[in-house]
Amino acid sequence: MGTFGTESPLRLQVSSCLKTLSTSRDSGEIVHALRTLMRCLDDGEFTRIHHTHALQVLVSAQSSHWFSRSHDEDEEEMKKLWGEIIIRGPAEQTLLTLLDTISSTGESEALDRCVSALEMFLSAARLQVLLWSRCEAGGASSDSPQLTETVIGHLAALPSITSNHLHTNTPDIFLPQQYYPLLAASILDTLEKTCHALRAGRDCSLGFVSQVLGKVCIQGYSSQMFETLGSRLSFVTREDALYQRVTQKLLENVPERCTESVITGLIRSLSGAAAVSRLMGNLVLTNKKAQFVLTHKLILQQYQHPTRLLKSVLGYLAVDSSRRPLLKQVLRSVCQVWCNSSAVKHTCVEQQLYVSKALLLCVALLDDSEIQELRQEMLQCMLGGVQCRLDSNVERIRRMGMVVGECLSHRLDKPGSQLKFQYGADDEIGELKSLMESLAVNDDEEEQPDASNSLQPEPKVEAPVSSQSVASDPGNGSESELDSDDDLTPYDMSADQEKKKSAPPRYVRDCLEGLMSSDDAERFELSLQVAETLLRKNVSVQFSKVLLHLEDRYNTALFLSLRQNAMVALTVTDIKPVVDYWTTEFYALNYSLRQRLDILEVLALAAQELSEPVTNKHTGAEPITAVTPLGQSDDITHWRQIVDKRIQSKTRRISKGVTQPVKAVPNRYAPVAGFFFFPLLRSYDRPQTTFDLLGGDHLVLGRLLHTLGLLMHLAVNAPVVSQMGRALLDFVWAVRFHTDQMVRRGVMFAVCAVFLSMPSENLLTELGDDLMETRAWLADVAESDCDSDCRSLAVQSLMLMDKNLKSQLQIPDMET
């Protein structure tokens, strides 16, 4: 008869204790079983084989009767022993068991005890024990890759695992803003222990810690981690070379898929290139993924980072001689992008600004010998990049090209031959120019002395100048004699007016002569000031010609505004002949872009004034956009406000209180809307010697589209609005894929105006054949256009289009 194998004494002892804990209601037996398990914690066999099952029994629902007797004298000791077993057990097994139990347990006392146990686990610094156990040589050599990956996943996703099950009852220590700084502090403690072990001659492995760090960062919590790690590592690595090597090894072991998130989070948390160099070492030379991220992705593909990150990255490449070739490589790549005209047209202004900053920083970090080596490439970059930006309609892009061109010319050209432009100063320009100043890449911001604590020289206090001191000054003796008549009371001349040599003209003929005179500045100014008043009473097309060609010969105050107001008054007073003149001259030869833009501006303002209610006293139409020089004519803020108000007026709201009925007034614009609109569309596709609307003159094309959209919007409810909408859609369809973003903004504005103004039934009829294609085009613009205004207007157009179509395609309920 065979014999069965005998079980080990420890196994029998643990089985007996667990049976007692599961079934017994005697507090004395429970306390004895817990004490026995406490003694077993020091046995390696127990921790390897029995601990997980014992822990499951301790947190299971079967042990709820332990704490049901509030007056039991052994209850406090039971709670104490129960907590110590959880805390003193193997950290890795404890974490996995607690998290798995939380995930699989419904609302109960057992779940509450498990959550409490996990809180104790984190508060008792058991994360540090877990990480260090994996760093010691051979500490986890027998674990399978699957188990290691499971532990890493649970460590990195603890807030998600707990909050997905506990919802609003999640304790604060499990939330990301508290848990990840706690995990970061545990990593710091592990790195410090690693340094001590290496000094003692013991080997350590940072592979597990690197994987945990990478897993957390790739899940989107790099800022929470490096908020604690970054500043501390920057401080301890200043004087400790071993700590530098340990930190560099930590980053080297990060998995490749996590490299970008770890590096980006680290650099954002540091204060300078020197700190980045200490912590990363030559990682950019040994790790191809890190090199791609640092030399390409953070510079050319992403633009949301602050300027401080650019300084840190480029300074890191420049601070060591072995990395400087990469700095020159980055400069070449940035130069190619900066002078690419296609990139200027198809990327947003913010990304172009980011690339411009990178270019200036690279140039500032190069020495004179490197500048000479790269001179030819930089010269081509400067000439091509400045030219394509000066051709842009966006003022910020033009000024950006001017500033960068000046800065590059300052490094490349000799004094006297350097580029110089005229532009207004603002914060953006000041920041760009400041990037060319010498960068102290060897000093961190945090290493600079605190200005509040440093000794500052006492400011010199100037004594107030008094009459006695002036009189006592021998050099001022002659001035003191001039104050002898200070007691005389001066005459009140506040109401006096300067006497004019000429009187304001009272007739149109005299006003014309005054404007055409070339030798009397005072008469010219008086004529221009009264032109609007005279024109509203007496009109002549000849006056239109004079105003269109009028120049500011005497630097007259408010010249542009006065001239424009007169042209508008001329248009609204004698509408048809003057509007015919404006629309004919718009496509005529030998006019400047400024004059063509003035015509569009006057037509838009006149149409707006005509569409307003008639009042006894004229106050003039509110300017659609301020009269600005040619360089600032791309502002369409006021027109966007008009569209927004129109959209709001179509929104149904519950009325509050009694509203007064609106008094009907005639609309003077509706009968003449066609005179304003259709002539502007008749010759757009006929290029001329001095004017090519579909070619290089896209600034005028963009303004024309905005003007047509406004004329369309003001013609709402007019009989001709449907024909106007069809014609405008045909025009828009021909230029909808234009490369210039100003033109695309005008296209979107015009489409939005059509959907706002055309009746729903006519819109469905006019768009019937092209409905799906139009909708697909708008959806593509809303998703992929590089300009935010184009995307926003496309979304509004889609919403209006869908609303109009739903109102027409809605099927009425059938009566039964």
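In the predicted model, helices α11 (207-236) and α12 (241-252) each supply at least two residues to the lining of the second largest cavity, and the largest share of that lining, 4 residues, comes from α11. The second largest cavity has a volume of about 40 Å³ and belongs to a set of 5 cavities of 30 Å³ or more that a search of the whole structure finds. The residues that line the second largest cavity are Leu213, Phe226, Leu229, Leu233, Thr247, Leu250, Leu251 and Leu266; by class, this lining comprises 7 nonpolar residues and 1 polar residue, with no charged residues.

On the α35 side, the contact is made by His698, Leu701, Gly702, Arg703, Leu705, His706, Gly709, Leu710, Met712 and His713, while α37 contributes Met742, Val743, Arg745, Gly746, Val747, Phe749, Ala750, Ala753, Val754 and Ser757. Divided by class, the residues of the contact of α35 with α37 are 11 nonpolar, 7 polar and 2 charged.

In the other pair, helix α20 (residues 349-365) packs against helix α24 (residues 427-434) at an angle of about 30°, and the two axes lie 9 Å apart. Because angles under 35 degrees count as roughly parallel, α20 and α24 are likewise assigned to the roughly parallel class. Their contact is formed by Leu353, Ser356, Lys357 and Leu360 of α20 together with Glu428, Glu431 and Leu432 of α24, and the residues of this contact divide into 3 nonpolar, 1 polar and 3 charged.

The length of helix α10 (residues 176-199) was also considered. Just after α10, glycine 201 takes a positive phi of about 90°.

Conventions. Residues are numbered from 1 along each chain as its sequence is written. This is a predicted model: local features need pLDDT of at least 70, side-chain atom pairs count only at pLDDT 80 or more; totals for chains, interfaces and linings use all residues. Side-chain values use heavy atoms; hydrogens and water are left out. Axes are lines fitted to C-alpha atoms, for helices over the stretch in contact, and angles run from 0 to 180 degrees between N-to-C directions. Angles under 35 degrees count as roughly parallel, over 145 as roughly antiparallel, 65 to 115 as roughly perpendicular and the rest as oblique. Contact means heavy atoms within 4.5 Å. Ala, Val, Leu, Ile, Met, Phe, Trp, Tyr, Cys and Pro count as nonpolar, Asp, Glu, Lys and Arg as charged, and the others, Gly among them, as polar. On a 1 Å grid over the protein atoms alone, a cavity is a set of points where a 1.4 Å probe fits but cannot get out, and a pocket is an open set with protein on both sides within 12 Å along at least five of seven lines; lining residues have an atom within 4 Å of a point. Grid points are joined across faces, edges and corners, and a volume is the space filled by probe spheres set on the points.
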